[in-house]
Amino acid sequence: MNKNKDVDSIVVRLAGDSGDGIQLMGSQFAVSTALTGADFATFPDYPAEIRAPVGTTFGVSAYQINLGGGPITTPGDAPDVLVAFNPAALKVSLPMLHKGALVIVNNDAFTARNLAKAGYDADPRESGVLADFQVVEADISHLNLEAVKEFGLSKSEGGRCKNFWALGLLLWMFNRDFVSVEEWIRRRLAGKPTLRDANIKALHAGHAYGETAALAASLSQIQIPAAKPKPGEYRSITGAEALALGIAAAGELADRPVLFCSYPITPASPLLHRISHLPELGVGTFQAEDEIAAIAAAIGASYGGMIGVTSSSGPGIALKTEAMGLAVSAELPLVIVNWQRGGPSTGLPTKTEQSDLYQAVYGRNADTPIPVVSASTSGECFAMAIEAVRIAIRHMTPVILLADGYLSNAAEPWRIPDLSSFPPIETNPVPEFGEDPQRKAFTRGVTSYGRPWITPGMPELMHRVGGLEKDVESGHISYDPANHQSMTDLRAAKVQSVANYIPEQMLESGPDSGDLVVVGWGSTYGPIYQATRATRASFVHLRHLNPLPGNLGELLGRFDKVLVPEMNAGQLATLLRDKLGANPVSFSKVTGQPFLISELVEKIESLRGELS
Amino acid sequence: MSEKLTAKDFTTSQEVRWCPGCGDYAILKSVSKALADVGARPEKTVFVSGIGCAARFPYYIESYGFHTIHGRAPAVATGLKLANPELDVWVVTGDGDGLSIGGNHLLHALRRNIGLKILLFNNEIYGLTKGQYSPTSRVGTTSPSSPGGSVETPVSPGQFALGAGARFFARGIDTDKVGMSDVLQKAHAFVGTSFVEIFQNCIVYNEDVFASFTDRKNAANTQLHVRHGDPMLFGDNKVKGIRFNPGTWSLEVIDATETADDVLVHDEANAVLARLLIDLPSPVALGVIYRQPAVSFEEAFYAHHPSRMQRTKSIKDFIRGPSSWTVGD
């Protein structure tokens with residue numbers, strides 16, 4: 001890269017051992033980027049092991065950030081800058097880089113032992129594999145230890161400051177202020193003054209290193225213009241943070257407390273952690289003994305009048321299936337959040353996928369329909385959490401909210417919404433008490449099929465709910481054959497009725513008819529947005545997956561071809577065939593990595609080639 | 001204050017569908033009566049059940065009721081109790097529902113000490129699924145799924161409960177009105193999880209499995225009704241007593257007329273004694289065997305939610321996060 005270059009956007013990848021503090025360094029870099037007004041998107045990419053064996057390729061933890069004048073909607077296809085803390089990190093990251101990319105390596109880690117662990121026969125700094133790149137070798141470990149020597153830390157304690165040393169260098173390169181990082185260190189290490197001061201020193205030392213003449217020849221500062229987003233107040237937010245706030249906001253809009261019941265699982269746990277900090281918003285957290293207990297307790301909470309919410313990832317959702325049927329049968333509101341990950345079975349716990357769409361829409365015993373919505377971006381997790389609660393309470397049904405591992409951890413700038421722009425969440429009116437409360441409890445709304453939310457404690461309305469089939473009118477247990485047909489029809493009609501309350505499907509971009517429309521859902525929003533913008537293809541992105549928006553069939557019918565890129569083996573494509581009789585072209589990717597813009601552009605262009 | 005309710009006020013119009021002669025009828029009567037005796041209010045009372053014959057219970061009690069799924073009643077009830085600690089929440093379960101498919105939830109409810117009154121109807125058999133051996137069936141139980149006799153070691157509900165950290169364990173016999181009334185009232189009064197094992201006779205699949213000690217004719221000699229602070233006496237005219245044998249670390253029966261001083265006095269707070277009583281083969285210990293109050297889960301939970309789950313702030317106070325920035329026109 002040229003000296004003091006001005007660029008529109010730039011992709012930076014930080015990579016090292018999972019114990020190197022890469023995720024922390026990345027998220028702090030994102031925050032200081034946000035404070036300059038640049039747009040960004042991040043992609044934390046880390047191994048399943050908490051402390052994988054040091055120096056191995058499978059133990060590499062990386063954090064990728066795309067920053068620029070925007071709009072930035074993906075973490076970027078190919079890094080322009082790589083900071084590699086060891087040979088393994090270099091080896092894993094090299095194939096992703098742009099030619100000409102700047103590679104900063106930590107010289108001290110390129111020992112014979114580490115090279116062998118990474119599977120290098122020859123030192124890559126000398127073997128020529130870096131010929132296409134600009135390489136800056138820095139003795140990061142050594143320089144860091146020198147900088148923090150005065151604090152008398154042990155070698156391992158002192159060594160752990162090196163992520164802040166490297167962050168200091170990076171902040172200098174991007175002309176960023178280190179005040180916010182310094183404040184963060186002061187807050188985080190308030191009780192440990194020596195460590196606090198050592199980390200701050202390391203940060204300063206890295207920054208100073210960039211400024212020194214020693215490097216001026218090889219390293220340059222990069223100027224990124226500030227984004228020009230819509231005016232308003234912004235913050236950096238991950239999907240887990242946005243979803244936690246969204247659930248709390250839904251509680252406020254419905255004027256009900258929320259009980260969040262969950263069992264730890266990757267990558268759903270960040271939501272459990274975030275939401276545990278919101279008691280002042282009337283949000284309680286119950287860590288259950290297992291996935292089944294988590295949803296069962298959430299159902300119990302909803303039965304008791306709170307908004308019951310549970311969250312997990314695919315394998316945990318599978319365990320919750322029977323209880324979802326109970327909530328359908330008992331006609332109770334409930335939100336089930338699924339942070340999808342690579343499968344089957346334990347699969348790729350820390351890698352993202354969107355392969356639980358079948359499970360959400362079809363995956364239960366019997367005819368047990370459930371509304372399904374999904375979030376497209378980290379920030380959108382906020383609005384979709386509110387939407388899920390709204391549907392659950394209006395129709396008195398469980399609702400599945402699909403998010404994924406990428407959204408859980410990825411940060412982006414988010415325009416802070418005004419809560420008053422969301423209408424209150426109305427609860428169906430509770431009847432006057434009197435005769436036959438059982439019937440009253442199951443007297444449903446004419447258009448929503450939602451029943452009144454009668455909760456224990458309300459006088460003279462005692463009734464029974466449960467999983468046995470009940471009479472469509474009286475609400476008492478019924479084994480009558482014709483009644484089961486009526487109840488099955490009613491449950492289907494109820495979920496279908498959601499379509500009457502949701503907005504018509506709009507185009508995200510592009511002409512409203514023509515040769516090609518790309519249809520996406522979930523976290524593929526970012527790459528599809530960029531790829532369709534680059535190719536001027538039309539773009540439809542779904543947030544409501546069951547039922548689908550009423551006008552979707554007509555909208556897609558205006559195009560010659562429908563392309564559906566998804567991080568699964570073609571599940572939305574199947575759904576569109578099933579529900580709309582559409583004939584889409586499926587473009588599937590299941591590598592545990594998000595789509596690259598370039599591969600989508602290529603696919604769109606090749607499809608167009610076939611059409612012309 | 002509302003008028004005093006009777007057992008009849010807790011009875012629904014639903015047709016009861018247990019087999020004629022089933023022990024559940026007597027339990028239903030005792031529970032309805034106990035609810036009236038303790039002054040329970042139907043609107044504040046909830047019966048939560050799982051699956052099995054016992055799980056039909058909520059349909060027959062005039063209160064709120066939730067017939068859930070197999071084994072999960074303690075988990076559903078936990079969410080309910082957290083949502084509204086003012087409610088009296090009863091869980092009705094069986095040996096299969098509570099100790100097999102739902103064993104995990106029972107364990108965790110007991111260790112958390114959440115305010116649930118858990119009634120486990122133990123008949124040592126699966127009734128609703130037509131007679132298979134259950135986790136409490138004795139070795140050698142012949143059943144459709146164990147035609148040569150079961151080979152599994154049964155679980156002891158009492159030992160399971162104490163091992164899980166239960167703070168209230170009591171036992172009763174389905175048809176023993178007096179004993180059941182006492183146990184149910186004390187279970188109701190306990191703050192935390194009260195766990196009651198009820199010996200229930202399944203007339204169809206496991207008839208008289210408890211007859212050796214439930215038979216009224218010889219009950220005085222086969223049943224030990226324990227009461228906190230009272231000496232452990234039984235037999236006709238209370239001539240027999242229970243003594244601790246330090247040589248074998250076990251309880252033994254002695255002639256109380258000769259060695260009255262050796263007779264143990266029941267201390268319901270003594271967990272070691274409780275474990276010995278649970279394992280006593282004859283006489284069978286009944287009544288409140290263990291009771292050691294502690295802070296309930298809901299109390300601790302609400303103490304950690306200082307606003308008691310009420311909203312004291314708005315999302316507006318949280319939505320900005322640690323730092324935000326403004327983009328102008």
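Analyst: Two strands pair if DSSP finds at least two bridges between them, and strands themselves are DSSP runs of E with at least two residues, just as helices are runs of H or I with at least four, both numbered from the N terminus. This is a predicted model, in which local features need pLDDT of at least 70 and side-chain atom pairs count only at pLDDT 80 or more, while totals for chains, interfaces and linings use all residues. Residues are numbered from 1 along each chain as its sequence is written, with chains lettered from A and ligands numbered from 1 in the order in which they are written.

User: What makes strand β10 of chain A a partner of β11(A)?

Analyst: Strand β10 (residues 258-262) and β11(A) are joined by 5 bridges and run parallel. At least two bridges are required, so these strands count as paired. Within the pair, Leu259(A) stands opposite Gly284(A) in β11(A).

User: Why is the unit made by β10(A), helix α12 and β11(A) called right-handed?

Analyst: Helix α12 (residues 269-275) of chain A belongs to a β-α-β unit with β10(A) and β11(A), and its hand is right. The name applies because, with the strands pointing away from the viewer, the path from the first strand over the helix to the second runs clockwise.

User: How do you know whether strand β11 of chain A is mostly covered or open?

Analyst: Burial is a matter of counting: a residue is buried if 20 or more other C-beta atoms lie within 10 Å of its own, exposed if 12 or fewer, and partly exposed in between, with C-beta atoms placed from the backbone. In β11 (residues 283-287), 4 of the 5 residues are buried, so the strand is mostly covered.

User: What makes Val389(A) a contact partner of other residues, and which ones?

Analyst: Two residues are in contact if their C-beta atoms, placed from the backbone, lie within 7 Å. Setting aside neighbours within four places in sequence, Val389(A) touches Ala250(A), Ala254(A), Ile307(A), Val335(A) and Ile425(A).

User: How many residues does each chain bring to the contact between chains A and B?

Analyst: Chain A brings 58 residues and chain B brings 51. Helix α13(A) gives the most to chain A's side, with 9 residues.

User: What makes β9(A) and strand β12 of chain B a strand pair?

Analyst: There are 4 bridges between β9(A) and β12 (residues 324-327) of chain B, and the two run antiparallel. One bridge partner in β12(B) is Thr326(B), which faces Glu233(A).
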